[in-house]
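Hi,

Here is the structure we talked about, ready for you to open. My notes on what turned up are below it.

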Amino acid sequence: MAEHVVEVAPGKGGALTFSDNFNVAVPFIDRHLTEGRADKVVIRTSDGEAVTYGVLAERVNRCGNALKDLGIGAGERVLIIVKDCPAFFYTFWGAIKAGIVPVPLNTLLVAKDYEFMIENSECAAVVYSPEFAAQVEPALAAASHKPERTLLTEGDGETLASLVAAASPELDPAPATAGDDCFWLYSSGSTGRPKGAVHAHRDMVVTSQYYGVDTLGVREDDVCFSAAKLFFAYGLGNGMTFPLWTGGSCVLLAGRPMPDNTLEVVETFKPTLYFGVPTLYAAQLQYLESASPDLSSVRYCVSAGEALPADIFRRWQDTTGLTILDGIGSTEALHIFISNSPDDVTPGTSGREVPGYDAKILSEDGAPAPQGESGTLFIRGGSTAKYYWRNEAKTQETMVDDWLNTGDTYLQDENGRFVYCGRSDDMLKVGGIWCSPFEIEGKLIEHPKVLEAAVVGRADDDELIKPEAWIILKEAVDAGEALEQELLEHCKTGLAKYKYPRWFNFVDELPKTATGKIQRFKLRQ
Ligand code: 3UK
(Lines give C-alpha, C1' and ligand atoms only; values in the text may rest on other atoms or scores of the structure.)
Protein backbone atom coordinates (compact mmCIF):
# COMPACT_ATOMS: atom_id res chain seq x y z
CA MET A 1 0.00 0.00 0.00
CA ALA A 2 1.26 3.50 -0.80
CA GLU A 3 2.11 5.88 2.04
CA HIS A 4 -0.33 8.19 3.89
CA VAL A 5 -3.46 6.58 2.43
CA VAL A 6 -6.59 5.10 3.89
CA GLU A 7 -8.81 2.50 2.24
CA VAL A 8 -12.52 2.74 2.98
CA ALA A 9 -14.48 -0.52 2.74
CA PRO A 10 -17.93 -0.10 1.15
CA GLY A 11 -21.07 0.33 3.27
CA LYS A 12 -21.87 2.55 6.24
CA GLY A 13 -19.36 2.08 9.02
CA GLY A 14 -17.15 0.01 6.67
CA ALA A 15 -13.63 -0.87 7.85
CA LEU A 16 -10.91 1.77 7.45
CA THR A 17 -7.43 0.51 6.63
CA PHE A 18 -4.46 2.84 7.08
CA SER A 19 -1.08 2.59 5.38
CA ASP A 20 1.84 1.83 7.71
CA ASN A 21 3.25 5.33 7.29
CA PHE A 22 0.27 7.63 7.85
CA ASN A 23 0.39 11.38 8.46
CA VAL A 24 -3.22 12.58 8.33
CA ALA A 25 -2.23 15.93 6.75
CA VAL A 26 -1.69 14.09 3.46
CA PRO A 27 -5.25 12.81 2.85
CA PHE A 28 -6.82 15.98 4.32
CA ILE A 29 -4.61 18.57 2.59
CA ASP A 30 -2.24 17.24 -0.10
CA ARG A 31 -4.61 14.67 -1.63
CA HIS A 32 -6.74 17.45 -3.13
CA LEU A 33 -3.89 18.56 -5.37
CA THR A 34 -3.49 15.08 -6.88
CA GLU A 35 -7.28 14.82 -7.19
CA GLY A 36 -7.40 18.06 -9.21
CA ARG A 37 -8.91 20.48 -6.68
CA ALA A 38 -6.01 22.99 -6.55
CA ASP A 39 -8.19 25.80 -7.94
CA LYS A 40 -11.33 25.01 -5.98
CA VAL A 41 -12.15 27.40 -3.13
CA VAL A 42 -12.05 25.51 0.18
CA ILE A 43 -12.46 28.38 2.67
CA ARG A 44 -14.57 31.51 2.41
CA THR A 45 -14.61 33.96 5.28
CA SER A 46 -17.47 36.26 6.19
CA ASP A 47 -15.00 39.12 5.51
CA GLY A 48 -14.77 38.10 1.86
CA GLU A 49 -11.48 36.18 1.79
CA ALA A 50 -11.33 33.03 -0.34
CA VAL A 51 -8.63 30.35 -0.10
CA THR A 52 -8.22 27.58 -2.69
CA TYR A 53 -7.04 24.05 -1.97
CA GLY A 54 -3.80 24.94 -3.76
CA VAL A 55 -3.14 27.97 -1.57
CA LEU A 56 -4.15 26.02 1.54
CA ALA A 57 -1.63 23.25 0.80
CA GLU A 58 1.13 25.76 0.21
CA ARG A 59 0.42 27.78 3.37
CA VAL A 60 0.19 24.60 5.43
CA ASN A 61 3.68 23.70 4.21
CA ARG A 62 5.01 27.18 4.90
CA CYS A 63 3.47 27.20 8.36
CA GLY A 64 4.90 23.76 9.18
CA ASN A 65 8.32 25.01 8.09
CA ALA A 66 7.93 28.25 10.06
CA LEU A 67 7.21 26.26 13.23
CA LYS A 68 10.18 23.98 12.57
CA ASP A 69 12.42 27.00 11.88
CA LEU A 70 11.45 28.36 15.30
CA GLY A 71 13.06 25.27 16.78
CA ILE A 72 9.86 23.42 17.66
CA GLY A 73 10.57 19.71 17.58
CA ALA A 74 8.47 16.68 16.67
CA GLY A 75 5.95 15.79 19.41
CA GLU A 76 6.15 19.25 21.05
CA ARG A 77 2.91 21.15 21.60
CA VAL A 78 1.69 24.39 20.02
CA LEU A 79 -1.30 26.01 21.73
CA ILE A 80 -3.67 27.63 19.24
CA ILE A 81 -5.88 30.42 20.59
CA VAL A 82 -7.15 31.61 17.26
CA LYS A 83 -10.51 32.85 15.95
CA ASP A 84 -12.21 31.02 13.08
CA CYS A 85 -10.07 32.14 10.14
CA PRO A 86 -7.71 30.56 7.56
CA ALA A 87 -4.72 30.92 9.93
CA PHE A 88 -6.39 28.35 12.20
CA PHE A 89 -6.18 25.84 9.32
CA TYR A 90 -2.56 26.73 8.48
CA THR A 91 -1.36 26.38 12.07
CA PHE A 92 -3.29 23.21 12.86
CA TRP A 93 -2.33 21.35 9.66
CA GLY A 94 1.16 22.83 9.36
CA ALA A 95 1.93 21.51 12.83
CA ILE A 96 0.53 18.04 12.09
CA LYS A 97 2.38 17.76 8.79
CA ALA A 98 5.61 18.77 10.56
CA GLY A 99 5.05 16.20 13.34
CA ILE A 100 4.24 18.92 15.92
CA VAL A 101 1.14 18.53 18.12
CA PRO A 102 -1.45 21.35 17.79
CA VAL A 103 -3.71 22.05 20.77
CA PRO A 104 -6.62 24.36 19.88
CA LEU A 105 -8.03 26.09 22.96
CA ASN A 106 -11.43 27.58 23.69
CA THR A 107 -11.05 31.28 22.85
CA LEU A 108 -13.69 32.31 25.42
CA LEU A 109 -11.54 31.40 28.43
CA VAL A 110 -9.84 33.76 30.87
CA ALA A 111 -6.17 34.20 31.84
CA LYS A 112 -6.14 31.72 34.71
CA ASP A 113 -7.49 28.97 32.41
CA TYR A 114 -4.76 29.65 29.84
CA GLU A 115 -2.12 29.80 32.56
CA PHE A 116 -3.06 26.26 33.59
CA MET A 117 -3.00 24.97 30.00
CA ILE A 118 0.38 26.57 29.27
CA GLU A 119 1.82 24.85 32.33
CA ASN A 120 0.02 21.54 31.92
CA SER A 121 0.92 21.11 28.24
CA GLU A 122 4.50 22.40 28.66
CA CYS A 123 3.95 23.82 25.20
CA ALA A 124 6.84 24.96 23.03
CA ALA A 125 4.80 27.75 21.45
CA VAL A 126 1.56 29.70 21.74
CA VAL A 127 -0.08 31.14 18.62
CA TYR A 128 -2.93 33.59 19.27
CA SER A 129 -5.18 36.09 17.53
CA PRO A 130 -4.77 39.74 18.62
CA GLU A 131 -8.41 39.67 19.81
CA PHE A 132 -7.43 37.38 22.71
CA ALA A 133 -4.22 39.14 23.80
CA ALA A 134 -5.86 40.63 26.91
CA GLN A 135 -6.35 37.14 28.40
CA VAL A 136 -3.39 35.31 26.79
CA GLU A 137 -0.62 37.78 27.64
CA PRO A 138 -1.23 37.90 31.42
CA ALA A 139 -1.40 34.08 31.36
CA LEU A 140 1.98 33.91 29.63
CA ALA A 141 3.44 36.34 32.17
CA ALA A 142 2.06 34.40 35.16
CA ALA A 143 2.72 30.83 33.98
CA SER A 144 5.66 29.01 35.54
CA HIS A 145 6.35 27.29 32.22
CA LYS A 146 7.69 29.64 29.56
CA PRO A 147 7.06 28.50 25.97
CA GLU A 148 10.07 29.19 23.75
CA ARG A 149 7.94 31.16 21.33
CA THR A 150 4.75 33.20 21.44
CA LEU A 151 3.35 34.53 18.22
CA LEU A 152 0.43 36.68 17.19
CA THR A 153 -1.25 35.42 14.03
CA GLU A 154 -1.13 38.87 12.45
CA GLY A 155 -0.19 42.49 13.16
CA ASP A 156 3.08 44.42 13.27
CA GLY A 157 6.54 42.91 13.62
CA GLU A 158 7.22 39.20 13.59
CA THR A 159 3.93 37.32 13.39
CA LEU A 160 2.81 33.95 12.18
CA ALA A 161 1.78 35.65 8.93
CA SER A 162 5.24 37.17 8.38
CA LEU A 163 7.01 33.89 9.17
CA VAL A 164 4.70 31.96 6.87
CA ALA A 165 5.36 34.40 4.04
CA ALA A 166 9.11 33.91 4.44
CA ALA A 167 9.17 30.12 4.95
CA SER A 168 9.72 27.46 2.30
CA PRO A 169 6.61 26.20 0.48
CA GLU A 170 7.96 22.62 0.33
CA LEU A 171 7.47 20.26 3.26
CA ASP A 172 7.59 16.48 3.41
CA PRO A 173 5.09 14.94 5.81
CA ALA A 174 6.69 13.82 9.07
CA PRO A 175 6.60 10.04 9.41
CA ALA A 176 3.73 8.81 11.60
CA THR A 177 1.36 5.92 12.11
CA ALA A 178 -2.44 6.03 12.31
CA GLY A 179 -2.26 5.43 16.06
CA ASP A 180 0.40 8.03 16.90
CA ASP A 181 -0.43 11.12 18.97
CA CYS A 182 -1.58 13.83 16.57
CA PHE A 183 -3.44 16.68 18.36
CA TRP A 184 -5.07 17.40 21.71
CA LEU A 185 -8.27 19.02 22.84
CA TYR A 186 -8.88 20.06 26.44
CA SER A 187 -12.02 18.79 28.11
CA SER A 188 -13.42 20.19 31.36
CA GLY A 189 -14.42 18.18 34.41
CA SER A 190 -16.75 19.06 37.29
CA THR A 191 -13.88 19.18 39.75
CA GLY A 192 -10.21 19.48 39.09
CA ARG A 193 -8.52 20.94 36.08
CA PRO A 194 -9.21 20.53 32.37
CA LYS A 195 -7.84 17.32 30.87
CA GLY A 196 -5.87 17.17 27.62
CA ALA A 197 -7.54 14.46 25.51
CA VAL A 198 -4.86 13.08 23.17
CA HIS A 199 -6.13 12.15 19.71
CA ALA A 200 -4.37 10.02 17.11
CA HIS A 201 -3.88 10.61 13.37
CA ARG A 202 -6.69 8.20 12.49
CA ASP A 203 -9.36 9.91 14.60
CA MET A 204 -10.35 12.70 12.19
CA VAL A 205 -10.67 10.14 9.38
CA VAL A 206 -13.02 8.02 11.48
CA THR A 207 -15.32 10.92 12.45
CA SER A 208 -15.36 12.41 8.95
CA GLN A 209 -16.22 9.10 7.32
CA TYR A 210 -18.57 7.51 9.88
CA TYR A 211 -20.49 10.56 10.99
CA GLY A 212 -19.75 13.09 8.19
CA VAL A 213 -20.14 10.91 5.10
CA ASP A 214 -22.02 7.79 6.26
CA THR A 215 -24.52 9.46 8.61
CA LEU A 216 -24.95 13.05 7.50
CA GLY A 217 -24.13 12.42 3.83
CA VAL A 218 -21.52 15.19 3.41
CA ARG A 219 -20.48 15.46 -0.27
CA GLU A 220 -17.93 17.20 -2.44
CA ASP A 221 -20.43 19.88 -3.46
CA ASP A 222 -21.37 20.71 0.14
CA VAL A 223 -20.66 24.05 1.76
CA CYS A 224 -20.42 23.64 5.54
CA PHE A 225 -21.11 26.45 7.98
CA SER A 226 -20.57 25.81 11.67
CA ALA A 227 -21.73 28.46 14.12
CA ALA A 228 -19.89 26.33 16.72
CA LYS A 229 -16.25 27.40 16.64
CA LEU A 230 -13.32 25.37 15.30
CA PHE A 231 -11.69 25.10 18.73
CA PHE A 232 -14.60 22.91 19.82
CA ALA A 233 -14.35 19.27 18.62
CA TYR A 234 -17.85 19.74 17.17
CA GLY A 235 -16.82 22.79 15.11
CA LEU A 236 -13.48 21.25 14.14
CA GLY A 237 -15.33 18.43 12.40
CA ASN A 238 -18.18 20.51 10.96
CA GLY A 239 -16.18 23.44 9.66
CA MET A 240 -12.84 21.84 8.88
CA THR A 241 -12.42 18.07 8.69
CA PHE A 242 -15.71 17.20 6.93
CA PRO A 243 -15.09 19.56 4.00
CA LEU A 244 -11.41 18.57 3.86
CA TRP A 245 -12.32 14.87 3.79
CA THR A 246 -14.91 15.17 1.03
CA GLY A 247 -13.27 17.90 -1.07
CA GLY A 248 -16.06 20.29 -0.11
CA SER A 249 -15.80 23.82 1.27
CA CYS A 250 -16.63 25.86 4.35
CA VAL A 251 -17.60 29.36 5.41
CA LEU A 252 -15.91 30.86 8.48
CA LEU A 253 -17.35 33.53 10.73
CA ALA A 254 -14.62 35.08 12.88
CA GLY A 255 -16.82 36.86 15.43
CA ARG A 256 -19.13 35.70 18.15
CA PRO A 257 -22.03 33.72 16.65
CA MET A 258 -25.28 35.64 17.12
CA PRO A 259 -28.70 35.19 15.48
CA ASP A 260 -28.20 38.09 13.06
CA ASN A 261 -24.63 37.41 11.87
CA THR A 262 -25.08 33.64 11.54
CA LEU A 263 -28.30 33.93 9.53
CA GLU A 264 -26.69 36.64 7.44
CA VAL A 265 -23.84 34.24 6.61
CA VAL A 266 -26.41 31.63 5.54
CA GLU A 267 -28.19 34.11 3.30
CA THR A 268 -24.97 35.45 1.75
CA PHE A 269 -22.80 32.34 1.43
CA LYS A 270 -25.54 29.76 0.88
CA PRO A 271 -24.17 26.84 2.88
CA THR A 272 -25.81 23.47 2.30
CA LEU A 273 -25.14 22.15 5.82
CA TYR A 274 -25.56 24.29 8.92
CA PHE A 275 -24.28 23.31 12.38
CA GLY A 276 -25.49 25.02 15.55
CA VAL A 277 -26.14 24.48 19.24
CA PRO A 278 -29.59 24.47 20.91
CA THR A 279 -29.14 27.88 22.59
CA LEU A 280 -28.41 29.52 19.26
CA TYR A 281 -31.35 27.79 17.53
CA ALA A 282 -33.59 29.20 20.31
CA ALA A 283 -32.17 32.71 19.86
CA GLN A 284 -32.45 32.46 16.06
CA LEU A 285 -36.10 31.45 16.38
CA GLN A 286 -36.78 34.60 18.33
CA TYR A 287 -34.92 36.66 15.73
CA LEU A 288 -36.92 35.01 12.93
CA GLU A 289 -40.12 36.42 14.41
CA SER A 290 -39.20 39.77 12.86
CA ALA A 291 -36.92 38.78 9.97
CA SER A 292 -37.10 36.30 7.12
CA PRO A 293 -33.66 35.66 5.65
CA ASP A 294 -33.41 33.22 2.75
CA LEU A 295 -32.24 29.90 4.21
CA SER A 296 -33.19 27.81 1.18
CA SER A 297 -29.61 26.72 0.41
CA VAL A 298 -29.52 24.55 3.55
CA ARG A 299 -30.13 20.81 3.13
CA TYR A 300 -29.81 19.85 6.79
CA CYS A 301 -29.24 21.52 10.13
CA VAL A 302 -27.32 19.75 12.88
CA SER A 303 -27.43 20.31 16.62
CA ALA A 304 -25.07 19.04 19.33
CA GLY A 305 -23.36 20.16 22.51
CA GLU A 306 -26.44 19.71 24.68
CA ALA A 307 -29.82 18.06 24.21
CA LEU A 308 -32.10 19.73 21.65
CA PRO A 309 -35.56 20.18 23.18
CA ALA A 310 -38.30 18.69 20.96
CA ASP A 311 -40.12 22.01 21.04
CA ILE A 312 -37.19 23.85 19.44
CA PHE A 313 -36.98 21.12 16.77
CA ARG A 314 -40.68 21.61 15.90
CA ARG A 315 -40.65 25.39 15.98
CA TRP A 316 -37.55 25.42 13.74
CA GLN A 317 -39.23 23.07 11.29
CA ASP A 318 -42.42 25.15 11.28
CA THR A 319 -40.54 28.42 10.82
CA THR A 320 -37.84 27.41 8.32
CA GLY A 321 -39.05 24.12 6.85
CA LEU A 322 -35.69 22.62 7.83
CA THR A 323 -34.93 19.51 9.84
CA ILE A 324 -32.43 19.61 12.71
CA LEU A 325 -30.50 16.40 13.26
CA ASP A 326 -29.59 16.16 16.95
CA GLY A 327 -26.58 14.01 17.82
CA ILE A 328 -24.41 13.56 20.88
CA GLY A 329 -20.65 13.83 20.62
CA SER A 330 -17.79 14.57 22.97
CA THR A 331 -14.25 15.90 23.00
CA GLU A 332 -13.02 12.44 23.96
CA ALA A 333 -14.91 10.76 21.08
CA LEU A 334 -13.97 13.70 18.84
CA HIS A 335 -17.38 13.93 17.17
CA ILE A 336 -20.93 12.58 17.14
CA PHE A 337 -21.38 8.89 18.00
CA ILE A 338 -25.16 8.65 18.49
CA SER A 339 -27.37 10.63 16.16
CA ASN A 340 -30.56 11.20 14.30
CA SER A 341 -30.03 10.84 10.56
CA PRO A 342 -31.77 12.19 7.45
CA ASP A 343 -33.98 9.09 7.11
CA ASP A 344 -34.54 8.51 10.85
CA VAL A 345 -35.48 11.51 12.99
CA THR A 346 -37.27 11.47 16.35
CA PRO A 347 -37.36 14.84 18.12
CA GLY A 348 -36.47 14.70 21.80
CA THR A 349 -34.06 11.77 21.29
CA SER A 350 -30.39 11.57 20.31
CA GLY A 351 -31.22 8.85 17.75
CA ARG A 352 -29.18 5.70 17.19
CA GLU A 353 -25.54 4.63 17.16
CA VAL A 354 -23.55 6.11 14.29
CA PRO A 355 -22.37 3.18 12.08
CA GLY A 356 -18.91 2.20 13.29
CA TYR A 357 -19.64 3.00 16.98
CA ASP A 358 -21.09 0.80 19.72
CA ALA A 359 -22.98 2.06 22.76
CA LYS A 360 -24.09 0.41 25.99
CA ILE A 361 -26.01 1.67 29.01
CA LEU A 362 -24.92 0.24 32.35
CA SER A 363 -26.85 0.31 35.63
CA GLU A 364 -25.11 1.22 38.86
CA ASP A 365 -24.21 -2.44 39.48
CA GLY A 366 -22.37 -2.58 36.14
CA ALA A 367 -24.98 -4.77 34.43
CA PRO A 368 -26.66 -3.64 31.19
CA ALA A 369 -29.70 -1.47 32.02
CA PRO A 370 -33.01 -3.07 30.94
CA GLN A 371 -34.72 -1.32 28.00
CA GLY A 372 -36.46 1.84 29.22
CA GLU A 373 -34.31 2.20 32.33
CA SER A 374 -31.59 4.75 32.66
CA GLY A 375 -27.92 4.15 33.32
CA THR A 376 -24.48 5.44 32.38
CA LEU A 377 -23.71 5.61 28.67
CA PHE A 378 -20.46 4.00 27.45
CA ILE A 379 -19.32 4.13 23.85
CA ARG A 380 -16.68 2.45 21.73
CA GLY A 381 -15.28 3.47 18.36
CA GLY A 382 -12.14 4.18 16.35
CA SER A 383 -12.00 7.94 17.11
CA THR A 384 -11.84 7.92 20.93
CA ALA A 385 -8.92 9.66 22.64
CA LYS A 386 -5.96 7.46 23.59
CA TYR A 387 -5.47 8.96 27.07
CA TYR A 388 -5.52 12.20 29.06
CA TRP A 389 -2.16 13.92 29.15
CA ARG A 390 -0.46 13.28 32.50
CA ASN A 391 -3.67 12.24 34.18
CA GLU A 392 -3.56 8.53 34.73
CA ALA A 393 -6.35 8.56 37.32
CA LYS A 394 -8.87 10.21 34.98
CA THR A 395 -7.68 8.08 32.07
CA GLN A 396 -8.36 4.89 34.04
CA GLU A 397 -11.70 6.18 35.26
CA THR A 398 -12.94 7.27 31.84
CA MET A 399 -11.32 4.90 29.37
CA VAL A 400 -12.18 1.39 30.50
CA ASP A 401 -10.78 -1.30 28.18
CA ASP A 402 -11.75 0.13 24.81
CA TRP A 403 -14.94 1.72 26.16
CA LEU A 404 -15.35 5.38 26.99
CA ASN A 405 -17.48 6.44 29.97
CA THR A 406 -19.40 9.48 28.67
CA GLY A 407 -20.58 10.59 32.15
CA ASP A 408 -24.09 10.90 30.69
CA THR A 409 -27.24 9.19 31.89
CA TYR A 410 -29.25 7.71 29.02
CA LEU A 411 -32.02 5.23 28.39
CA GLN A 412 -33.02 3.39 25.23
CA ASP A 413 -36.69 3.72 24.25
CA GLU A 414 -38.82 0.84 22.94
CA ASN A 415 -37.59 1.55 19.39
CA GLY A 416 -33.92 1.43 20.37
CA ARG A 417 -33.39 5.20 20.24
CA PHE A 418 -31.22 6.81 22.87
CA VAL A 419 -32.84 9.37 25.17
CA TYR A 420 -30.73 11.82 27.19
CA CYS A 421 -31.60 11.95 30.92
CA GLY A 422 -28.88 14.24 32.29
CA ARG A 423 -25.29 14.17 33.47
CA SER A 424 -24.06 11.77 36.09
CA ASP A 425 -21.92 14.55 37.60
CA ASP A 426 -22.84 18.17 38.42
CA MET A 427 -21.45 19.62 35.19
CA LEU A 428 -23.64 21.92 33.12
CA LYS A 429 -23.71 22.54 29.42
CA VAL A 430 -24.48 26.21 28.79
CA GLY A 431 -24.86 27.15 25.16
CA GLY A 432 -23.19 23.84 24.36
CA ILE A 433 -20.08 24.68 26.37
CA TRP A 434 -18.97 23.16 29.66
CA CYS A 435 -19.59 25.05 32.81
CA SER A 436 -18.52 23.79 36.23
CA PRO A 437 -20.80 24.78 39.15
CA PHE A 438 -17.73 24.66 41.43
CA GLU A 439 -15.98 27.32 39.41
CA ILE A 440 -18.95 29.71 39.56
CA GLU A 441 -19.39 29.04 43.28
CA GLY A 442 -15.71 29.78 43.79
CA LYS A 443 -16.14 33.11 42.05
CA LEU A 444 -19.24 34.01 44.05
CA ILE A 445 -17.62 33.37 47.41
CA GLU A 446 -14.75 35.65 46.48
CA HIS A 447 -17.29 38.46 46.82
CA PRO A 448 -17.04 40.09 50.28
CA LYS A 449 -20.79 39.89 50.93
CA VAL A 450 -21.15 36.17 50.09
CA LEU A 451 -20.73 33.54 52.77
CA GLU A 452 -21.62 30.39 50.83
CA ALA A 453 -22.87 29.62 47.34
CA ALA A 454 -24.25 26.69 45.40
CA VAL A 455 -24.82 26.66 41.66
CA VAL A 456 -27.13 24.31 39.76
CA GLY A 457 -28.61 24.11 36.28
CA ARG A 458 -32.13 25.39 35.72
CA ALA A 459 -34.15 25.16 32.51
CA ASP A 460 -35.17 28.49 30.98
CA ASP A 461 -38.33 29.10 28.93
CA ASP A 462 -36.80 27.25 25.96
CA GLU A 463 -35.97 24.25 28.19
CA LEU A 464 -32.26 25.07 27.95
CA ILE A 465 -30.04 24.80 30.99
CA LYS A 466 -28.49 27.93 32.53
CA PRO A 467 -26.69 28.43 35.88
CA GLU A 468 -28.77 29.40 38.90
CA ALA A 469 -27.12 30.57 42.15
CA TRP A 470 -28.25 29.90 45.72
CA ILE A 471 -26.48 32.19 48.12
CA ILE A 472 -26.04 32.63 51.86
CA LEU A 473 -25.06 36.20 52.59
CA LYS A 474 -22.86 37.37 55.39
CA GLU A 475 -24.74 39.07 58.20
CA ALA A 476 -26.33 42.49 57.91
CA VAL A 477 -26.45 42.64 54.16
CA ASP A 478 -29.68 43.47 52.34
CA ALA A 479 -30.47 41.23 49.42
CA GLY A 480 -32.01 43.23 46.65
CA GLU A 481 -31.75 44.21 43.01
CA ALA A 482 -28.64 46.26 43.62
CA LEU A 483 -26.83 43.35 45.22
CA GLU A 484 -27.87 41.01 42.39
CA GLN A 485 -26.44 43.47 39.92
CA GLU A 486 -23.23 43.69 41.93
CA LEU A 487 -22.84 39.89 41.99
CA LEU A 488 -23.61 39.71 38.30
CA GLU A 489 -20.87 42.20 37.47
CA HIS A 490 -18.50 40.35 39.79
CA CYS A 491 -19.12 37.07 37.90
CA LYS A 492 -18.97 38.64 34.46
CA THR A 493 -15.54 40.11 35.06
CA GLY A 494 -13.78 37.03 36.41
CA LEU A 495 -15.39 34.18 34.50
CA ALA A 496 -15.73 33.22 30.85
CA LYS A 497 -18.67 35.21 29.49
CA TYR A 498 -21.27 32.45 29.29
CA LYS A 499 -20.81 31.31 32.91
CA TYR A 500 -22.62 33.99 34.95
CA PRO A 501 -25.72 32.94 36.95
CA ARG A 502 -29.02 33.94 35.30
CA TRP A 503 -30.98 33.71 38.58
CA PHE A 504 -30.03 34.53 42.19
CA ASN A 505 -31.74 33.15 45.29
CA PHE A 506 -30.80 34.32 48.76
CA VAL A 507 -31.31 31.71 51.48
CA ASP A 508 -30.38 31.10 55.12
CA GLU A 509 -29.00 27.63 54.57
CA LEU A 510 -27.99 25.19 51.85
CA PRO A 511 -28.86 21.48 51.83
CA LYS A 512 -25.79 19.47 52.77
CA THR A 513 -24.75 15.92 53.53
CA ALA A 514 -23.41 14.94 56.94
CA THR A 515 -19.92 15.45 55.53
CA GLY A 516 -20.77 18.96 54.41
CA LYS A 517 -21.05 18.31 50.69
CA ILE A 518 -23.68 20.50 49.04
CA GLN A 519 -26.61 18.42 47.78
CA ARG A 520 -27.12 20.19 44.50
CA PHE A 521 -29.85 17.78 43.43
CA LYS A 522 -32.07 19.22 46.19
CA LEU A 523 -31.74 22.69 44.69
CA ARG A 524 -32.68 21.62 41.18
CA GLN A 525 -36.32 22.33 40.46
C1 3UK B 1 -23.21 16.70 26.21
C2 3UK B 1 -25.13 16.29 24.65
C3 3UK B 1 -27.31 15.66 24.96
C4 3UK B 1 -23.05 15.36 26.87
C5 3UK B 1 -19.40 17.62 21.12
C6 3UK B 1 -20.55 17.08 19.11
O7 3UK B 1 -20.39 18.57 23.05
C8 3UK B 1 -19.40 18.05 22.57
O9 3UK B 1 -18.28 17.76 23.31
P10 3UK B 1 -17.96 18.19 24.82
O11 3UK B 1 -16.76 17.44 25.23
O12 3UK B 1 -19.22 17.69 25.66
C13 3UK B 1 -19.66 16.36 25.66
C14 3UK B 1 -20.93 16.26 26.51
O15 3UK B 1 -21.90 17.23 26.08
N16 3UK B 1 -23.84 16.62 24.87
C17 3UK B 1 -23.25 16.85 23.69
N18 3UK B 1 -24.14 16.70 22.68
C19 3UK B 1 -25.33 16.35 23.25
N20 3UK B 1 -26.11 15.94 25.49
N21 3UK B 1 -27.59 15.70 23.64
C22 3UK B 1 -26.64 16.04 22.75
N23 3UK B 1 -26.91 16.10 21.44
O24 3UK B 1 -23.06 15.57 28.26
C25 3UK B 1 -21.64 14.94 26.41
O26 3UK B 1 -21.06 13.98 27.24
O27 3UK B 1 -17.93 19.68 24.94
C28 3UK B 1 -20.56 17.51 20.42
C29 3UK B 1 -19.40 16.78 18.46
C30 3UK B 1 -18.21 16.88 19.15
C31 3UK B 1 -18.22 17.31 20.48
N32 3UK B 1 -17.05 17.42 21.13
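Asp-425 counts as partly exposed, because its relative accessibility is 27%; the term covers values between buried, under 20% relative accessible area, and exposed, over 50%, with a 1.4 Å probe and protein chains only. Its side chain meets that of Arg-423 in a salt bridge, with N to O at 3.0 Å. By salt bridge I mean a side-chain nitrogen of Lys or Arg within 4 Å of a carboxyl oxygen of Asp or Glu. Arg-423 is partly exposed too, because it has 22% relative accessibility.

Before you go further, please keep in mind that this is a predicted model, where local features need pLDDT of at least 70, side-chain atom pairs count only at pLDDT 80 or more, and totals for chains, interfaces and linings use all residues. Residues are numbered from 1 along each chain as its sequence is written, and side-chain values use heavy atoms, with hydrogens and water left out.

Now to the ligand. Arg-423 also matters for this part of the tour: one of its polar side-chain atoms lies 3.2 Å from an oxygen atom of the ligand. The protein covers 98% of the 610 Å² of accessible area that the ligand has on its own (Shrake-Rupley method, 1.4 Å probe; for residues, only the protein chains shown count as cover). Two further pairs are worth a look:

- A nitrogen atom of the ligand is 2.7 Å from a polar side-chain atom of Asp-326.
- Thr-331 has a side-chain N or O atom 2.5 Å from an oxygen atom of the ligand.

Which residues come nearest to the ligand? Out of 23 around it, they are Asp-326, Gly-327, Thr-331, Asp-408 and Lys-429, where near asks for a heavy atom within 4 Å. By class, this shell has 11 nonpolar, 7 polar and 5 charged residues. Here Ala, Val, Leu, Ile, Met, Phe, Trp, Tyr, Cys and Pro count as nonpolar, Asp, Glu, Lys and Arg as charged, and the others, Gly among them, as polar. Strand S15 gives the most to the shell, with 4 residues. Helices (H or I, at least four residues) and strands (E, at least two) are DSSP runs, numbered from the N terminus.

Back to the salt bridges: the count comes to 31. One of them joins Arg-37 and Glu-220, whose closest N and O atoms are 2.9 Å apart. Arg-37 sits in the loop between helix H1 (25-34) and strand S3 (41-45), and Glu-220 in the loop between helix H7 (203-216) and strand S11 (223-226), so the pair ties together parts that are 183 residues apart in sequence. Arg-37 is buried, because its relative accessible area is 10%, whereas Glu-220 is partly exposed at 40% relative accessibility. Both belong to a network of salt bridges that links Arg-31, Glu-35, Arg-37 and Glu-220.

Asp-358 and Arg-380 form another salt bridge, at 3.2 Å from N to O. This pair links distant parts of the chain, with Asp-358 in strand S18 (residues 358-362) and Arg-380 in strand S19 (residues 375-380), 22 residues apart. Asp-358 has a relative accessible area of 35% and is partly exposed; Arg-380, at 29%, is partly exposed as well.

Last, Thr-272. Is Thr-272 buried or exposed? Its relative accessibility is 16%, so Thr-272 counts as buried. Thr-272 is placed in the loop between helix H9 (259-269) and strand S13 (273-276). Its side chain and that of Asp-222 are joined by a polar contact of 2.6 Å; such a contact is a pair of N or O atoms within 3.5 Å, where, within protein, one must be able to donate a hydrogen and the other to accept it, and residues adjacent in sequence count only if both atoms are side-chain atoms. Not counting residues up to four places away in sequence, Thr-272 touches Asp-222, Val-223, Ser-297, Val-298, Arg-299 and Tyr-300, with contact meaning heavy atoms within 4.5 Å.

Best wishes
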